Amino acid sequence: MSGFGGFVLRRGIGTVITLFAISVIVYVVFFVTPGNVAQITCGPRCSPEQVHQVAQQLRLDDPLYLRYWHFLQGILVGQDYSTGTSVEHCSVPCLGQSYQGDQQVTQLILAKLPVSLSLVFGAMVLWLILGVGTGILSAWRRGRFTERLLTGITLAGVATPVFVIGLVLMIVVCGQLQLLPFPQYVSLTDDPEQWAWNLLLPWLSLALIEAAAFARLTRASMLETLAEDHIRTFRAYGVGERSIIGRHALRGAFAPIIALNANNVGSAIGGAVLTETLFGLPGIGQELVHAVNVVDLPVVVGMVLVIGFFVVIANAVADVLYAVADRRVVLA
């Protein structure tokens with residue numbers, strides 16, 4: 001196939017292959033780590049016979065390739081797990097059973113995922129508004145005090161860790177000024193107003209960091225586009241500067257912004273550990289830290305795979321949107 005449909009098909013096949021490769025690498029890396037998982041799962045007071053029984057129940061004595069095959073089979077068609085007194089079915093996509101409890105990994109992730117998605121997508125709206133707006137203003141006011149001030153602010157934003165910004169905002173906004181409550185997650189379906197009000201501070205903490213990168217990229221792309229011949233032609237014909245920036249220069253700067261936003265959305269879901277831990281949000285990041293601390297490998301593998309899934313899918317969507325914005329990508 002050729003053209004846009006062929007590009008989408010090729011990108012889809014590449015995405016599936018990438019996800020398969022990630023699942024192999026993640027599974028092998030985590031399940032060849034040193035340490036007696038059966039002993040950790042059973043507890044320090046278990047006898048050798050009990051540890052051996054736990055290892056058989058968790059199929060830890062099977063070869064690694066066979067264990068991976070059962071894991072992949074569970075993702076594709078589901079799997080049955082023995083709870084000791086009964087058999088429990090794990091529906092597609094089954095990511096395994098937690099070592100530290102009887103809860104399925106998929107159910108655990110689905111319970112935590114809305115918190116992380118609320119954090120990331122709310123912050124995304126803010127970092128696009130702040131970052132792109134700052135970048136446009138910097139390019140428009142090039143060589144003036146406004147540009148130098150905004151450039152200094154964006155450099156400071158890139159260099160400042162998210163936990164520093166979060167702590168400062170909590171101390172100033174919640175503690176001293178008392179403008180916002182200390183964040184406490186409320187479900188969107190329960191109370192949309194409280195959901196947004198309680199997440200505003202985490203959104204700002206995450207968005208201020210990402211907005212700095214968008215501001216720098218937008219400024220560079222805008223300046224590059226404004227230096228092209230067709231922009232000089234528009235100016236020669238007397239087209240207003242605002243019209244040139246809003247209708248022509250910004251359109252040329254959209255492609256790299258789309259690509260960066262896709263990368264940031266995917267990585268922000270995985271990198272929300274600090275933000276969620278700092279503000280006490282019960283999302284994937286905080287649960288991943290807990291699973292690592294108790295060596296709950298199925299939960300760790302499942303969450304890493306979900307994070308990788310979002311990163312790969314976000315990049316695939318970015319490539320398609322990139323091709324829509326610039327059809328030369330399809331022919332490359």
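**Cores, patch and salt bridges**

Start at leucine 201. Leucine 201 touches Leu169, Met170, Val173, Cys174, Leu180, Pro183 and Phe279, leaving aside residues up to four places away in sequence. The model is predicted, so confidence comes next. The protein chain has a mean pLDDT of 80. Of its residues, 89% reach 70 or more. Confidence is highest in helix H5 (residues 105-140), at a mean of 88. It is lowest in helix H14 (residues 328-331), at 57.

Leu201 belongs to the largest nonpolar core, which has 31 residues. Leu119, Ala123, Trp127, Trp203 and Leu281 join Leu201 as the residues with the most contacts inside this core. H5, helix H7 (162-176), helix H8 (192-226) and helix H10 (241-270) each supply at least two residues of the core. H8 gives the most, with nine residues. A second core is separate and has 25 residues. Val105, Ala291, Val301 and Met303 are among them. In soluble globular proteins, nonpolar side chains tend to be buried together.

Phe163, Val164, Leu167, Val168, Ile171, Val172, Leu177, Leu179 and Leu274 form a nonpolar patch on the surface. Together they have about 770 Å² of accessible area. H7 gives the most to the patch, with six residues. Take valine 172, which lies in H7. Its relative accessible area is 31%, so valine 172 counts as partly exposed.

Next, look at a loop. Glutamine 104 is found between strand E2 (87-90) and H5. Its relative accessible area is 5%, so glutamine 104 is buried. Glutamine 104 touches Glu88, His89, Cys90, Ser91, Gly96 and Gln97, again not counting residues up to four places away in sequence.

Finally, turn to charge. Side chains of opposite charge can pair when their charged atoms come close. How many salt bridges does a search of the whole structure find? It finds two. Aspartate 319 pairs with arginine 11, with the closest N and O atoms 2.3 Å apart. Aspartate 319 lies in helix H13 (residues 297-325) and arginine 11 in helix H1 (residues 3-31), so this pair ties together parts that are 308 residues apart in sequence. Aspartate 319 is partly exposed, at 28% relative accessible area. Arginine 11 is partly exposed too, at 23%.

Glutamate 287 and lysine 112 form a salt bridge through their side chains, at 3.9 Å from N to O. Glutamate 287 sits in helix H12 (residues 284-293) and lysine 112 in H5, so the pair ties together parts that are 175 residues apart in sequence. Are these two partners buried or exposed? Both glutamate 287 and lysine 112 are buried.

Conventions. Residues numbered from 1 in each chain as written. Heavy atoms only, no water. pLDDT = per-residue confidence, 0-100. Helix = DSSP H or I, 4+ residues; strand = E, 2+ residues; numbered from the N terminus. Core = buried A, V, L, I, M, F, W, Y, C linked by side-chain atoms within 4.5 Å. Buried < 20%, exposed > 50% of the residue type's maximum accessible area, 1.4 Å probe, protein only. Contact = heavy atoms within 4.5 Å. Patch = residues over 30% accessible without salt bridge, like charges linked within 9 Å, V, L, I, M, F, W, Y side chains within 5 Å. Areas by Shrake-Rupley, 256 points an atom, 1.4 Å probe, with all protein chains shown as cover. Salt bridge = Lys/Arg side-chain N within 4 Å of Asp/Glu carboxyl O.
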